[in-house]
Amino acid sequence: MRRFVLIAVPYLWLVALFLIPFVIVLKIALSDVALARPPYLPQLDITGGWDSIRTFFSELDFENFWFLTTDDLYWKAYLSSLQIALFSTTLTLLVGYPIAYGMARAAPEWRPTLLMLVILPFWTSFLIRVYAWMGILSNEGLLNQFLLWLGVINEPLTILNTNAAVYIGIVYTYLPFMILPIYSALERMDDSLLEAAEDLGCSRLSAFWLVTIPLSKNGIIAGCFLVFIPVIGEFVIPSLLGGSGTLMIGKVLWEEFFSNRDWPVASAVAVILLLILVIPIILFQRNEQKQREAEG
Amino acid sequence: MTRFSWFNATALTLGFAFLYMPMIILVIYSFNASKLVTVWAGFSTQWYGELLRNEEFLSAAWVTLKVAVMSSTIATVLGTMAAYVLVRAGRFSGRTLFSGMIYAPLVMPEVITGLSLLLLFIGIGLDRGVLTIVLAHTTFSMCYVSVVVSSRLVSFDKSLEEAALDLGCSPFEAFRLVTLPIIAPAVISGWLLAFTLSLDDLVIASFTTGPSATTLPIKIFSAVRLGVSPEINALSTIMIGIVTVGVITASLITKQAAVRQAREERMAERPA
């Protein structure tokens with residue numbers, strides 16, 4: 001009995017507040033937009049008996065999904081989200097790997113402090129960390145003032161409200177997610193392997209390519225997924241740092257819902273976004289599982 | 001190994017400069033006398049004063065704190081239960097669905113979570129406000145809590161619990177007297193994680209709130225959409241300060257606890 005209660009309470013909570021909401025999203029994605037409250041049709045009316053339930057189901061259709069394919073805003077937004085996520089994941093890897101490598105090579109008594117310094121920004125508000133770049137990247141911002149002072153440029157660069165600012169924001173906010181798994185892979189590495197490679201005639205660089213990189217592969221894969229998956233649905237970064245030319249699906253969904261008040265289309269956008277995410281999520285879980293099996 | 005070369009030193013210096021410079025600049029400019037946030041016009045604390053007189057920010061901060069305390073506390077209870085079920089309850093029908101529902105919210109885009117919860121609240125006719133934000137935050141943060149707690153539960157010796165049961169404890173007593181003290185650090189860090197997730201959340205709160213409840217992130221977002229403002233710099237500085245003090249204190253406490261535990265274990269091993 002006690003076991004039953006223990007299982008039932010969190011189970012029912014998640015069914016009520018996680019699973020059922022999804023069914024509702026799916027249902028509204030199949031409905032039509034209407035000038036009503038709530039603004040979609042048909043409404044399910046159980047009091048009408050079987051007939052009304054049958055007519056309810058017959059009125060659902062895939063019209064909104066067709067609409068998403070006809071208006072090129074949507075597939076462009078999906079593609080551009082994927083492209084931005086891919087490019088910024090690569091950038092984050094290039095920035096994060098040397099930091100993780102340096103941390104793993106630092107003296108052991110320094111490592112806990114360095115680790116804390118990487119985790120600390122993660123506890124600070126995401127919104128504030130994105131906002132901090134607005135003042136730096138604007139036309140009269142510190143970066144432009146600095147570059148003008150150096151004499152590298154003659155007139156301020158437009159960085160804020162472009163995709164470049166979005167990339168900077170993503171690399172900055174998601175960097176800890178990349179550093180931590182790579183660091184934990186590198187820290188476990190046995191250094192005698194590198195020495196063996198060098199004894200056998202490898203140069204330092206080729207020992208790095210042939211030994212260090214393959215051994216940190218799982219960390220790299222985990223880090224990339226931890227950045228890539230959430231970036232696809234990102235909303236805050238493109239809306240604060242990006243411009244009107246920055247197309248990301250999270251922003252489109254937000255505007256579809258709050259500005260256009262088209263709930264059925266917003267729901268259809270959400271359903272497709274979820275279908276796109278299922279693939280990287282399954283790949284990520286396979287990688288995690290492989291790693292767990294390899295460890296024990 | 002100690003191959004600490006100039007390359008590593010440069011990577012670390014540049015890396016940490018990149019991570020910390022923006023926040024340091026933000027803190028410095030919060031003490032700027034000028035309304036123009038990019039021109040330095042001398043030291044001043046006027047923006048802090050204006051912030052403290054701004055009723056809207058204060059009431060938003062109060063709402064945020066209330067939501068965070070309530071949702072992280074409920075999430076810790078539910079998340080610990082869920083972790084216990086995942087690790088200890090063995091097989092039961094619907095277990096795959098259960099673990100799926102625990103892990104899915106961790107990777108779910110916030111816009112989808114927010115949208116789906118809002119549609120649920122409208123569907124059942126629940127008035128949107130503090131209650132709905134608490135429900136929403138509890139749901140996604142309980143999953144984080146259960147991941148943190150279950151990783152601790154997996155690593156701890158089940159025979160301790162069984163010994164307590166053999167010695168006549170009821171299952172609940174065994175949990176309270178044996179399991180809970182051992183997993184307490186994970187439960188506390190789960191609570192802290194849930195608390196910060198709630199404090200930080202903009203997207204889900206924006207979807208699930210009504211006109212009666214505005215949280216601090218919603219307020220900040222609508223203010224900074226129009227551009228940089230010195231009041232927000234001051235507010236950010238206060239928040240960064242609180243987090244820094246909190247994280248450093250927490251890490252010192254865990255370090256001390258680890259040292260104490262190591263000492264006790266050494267004492268226990270020493271022959272009497």
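1. The lining of the second largest pocket holds 13 nonpolar, two polar and six charged residues. Here Ala, Val, Leu, Ile, Met, Phe, Trp, Tyr, Cys and Pro count as nonpolar, Asp, Glu, Lys and Arg as charged, and the others, Gly among them, as polar.

2. The model is predicted: local features need pLDDT of at least 70, side-chain atom pairs count only at pLDDT 80 or more, and totals for chains, interfaces and linings use all residues. Residues are numbered from 1 along each chain as its sequence is written, chains are lettered from A in the order in which they are written, and side-chain values use heavy atoms, without hydrogens and water.

3. The volume of the second largest pocket is about 650 Å³. Among its 21 lining residues, A:Leu6, B:Tyr84, B:Pro171, B:Phe172 and B:Phe175 are the closest to its centre. Lining residues have an atom within 4 Å of a point on a 1 Å grid.

4. B:Thr139 belongs to helix 6 (residues 130–155) of chain B; helices are DSSP runs (H or I, at least four residues). B:Thr139 is buried, at 3% relative accessible area (buried means under 20%, with a 1.4 Å probe and protein chains only). Its side chain reaches the backbone oxygen of B:Leu135 at 2.8 Å.

5. The unreviewed UniProt entry annotates transmembrane regions in chain A, including residues 77–101 and 113–134. Residues 77–101 of chain A are 100% helix, with end C-alpha atoms 35 Å apart. Residues 113–134 of chain A are 91% helix, with end C-alpha atoms 29 Å apart.

Conventions. UniProt positions renumbered as here; feature names shortened; annotations may be inferred. Helix = DSSP H or I, 4+ residues; strand = E, 2+ residues; numbered from the N terminus. 1 Å grid on protein atoms, 1.4 Å probe; cavity = no way out; pocket = protein on both sides within 12 Å on 5 of 7 lines; lining within 4 Å. Points joined across faces, edges and corners; volume = space filled by probe spheres on them. Buried < 20%, exposed > 50% of the residue type's maximum accessible area, 1.4 Å probe, protein only. Polar contact = N/O pair within 3.5 Å; in protein donor to acceptor, adjacent residues only side chain to side chain.
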